[in-house]
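Here is a short report on one protein chain. Look over the sequence and the model before reading on.

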Amino acid sequence: MRKLLVMMMMAFSLSALAQEKIPVTESDYSNNTVEMADRMRADGKIYVLVGVIGIIFVGIAVYLVSTDRKISKIEKSISPNH
């Protein structure tokens with residue numbers, strides 16, 4: 001039963017496509033602008049995006065540092081030389 005379910009899921013995933021294939025034109029190669037970023041900058045939302053990304057990065061860094069300190073404390077408490 002499990003093998004059948006896995007095979008059905010694999011067959012379904014092969015038929016699922018994220019988007020249609022669009023042909024690449026010559027203008028795509030000469031395009032140097034990013035419309036989404038230009039639009040967000042014009043609306044003033046790019047700064048909100050950069051701020052959110054910065055907050056997430058700082059949060060992950062604080063979490064990693066605090067976890068490292070906790071692990072170091074545990075390692076020191078269980079070491080035989082202590």
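D43 counts as partly exposed, at 42% relative accessibility. Here buried means under 20% relative accessible area, exposed means over 50%, and partly exposed lies in between (1.4 Å probe, protein chains only). R39 is exposed, with a relative accessible area of 56%.

D43 and R39 form a salt bridge, and their closest N and O atoms are 3.2 Å apart. The term means a side-chain nitrogen of Lys or Arg within 4 Å of a carboxyl oxygen of Asp or Glu. By this rule the count is one salt bridge. D43 and R39 sit four residues apart in helix α3 (residues 35–43), so about one helical turn separates them.

## About the model

This is a predicted model: local features need pLDDT of at least 70, side-chain atom pairs count only at pLDDT 80 or more, and totals for chains, interfaces and linings use all residues. Residues are numbered from 1 along each chain as its sequence is written, and side-chain values use heavy atoms, with hydrogens and water left out.

## Overall build

The protein chain has four helices and zero strands. Helices (H or I, at least four residues) and strands (E, at least two) are DSSP runs, numbered from the N terminus. The radius of gyration is 25 Å, well over the 12 Å that the globule rule gives for 82 residues, so the chain is more spread out than a compact globule. That radius is taken over C-alpha atoms, and the rule is 2.2 Å times the number of residues to the power 0.38.

The C-alpha atoms fill a box of roughly 70 × 55 × 20 Å along the principal axes. Of the 82 residues, 2% count as buried.

## Surface and helix α4

The protein chain exposes about 8500 Å², and carbon and sulfur atoms supply 67% of this area. Accessible areas come from the Shrake-Rupley method with a 1.4 Å probe; for residues, only the protein chains shown count as cover.

V48, V52, I56, I60, Y63 and L64 make a nonpolar surface patch of about 620 Å². Patch residues have over 30% relative accessible area and no salt bridge; like charges are joined within 9 Å, nonpolar side chains (Val, Leu, Ile, Met, Phe, Trp, Tyr) within 5 Å. L64 lies in helix α4 (residues 46–78). L64 is exposed, at 53% relative accessible area.

V58 is also placed in helix α4. V58 is partly exposed, at 49%. V58 and D38 are 20 residues apart in sequence and 26 Å apart in space, C-alpha to C-alpha.
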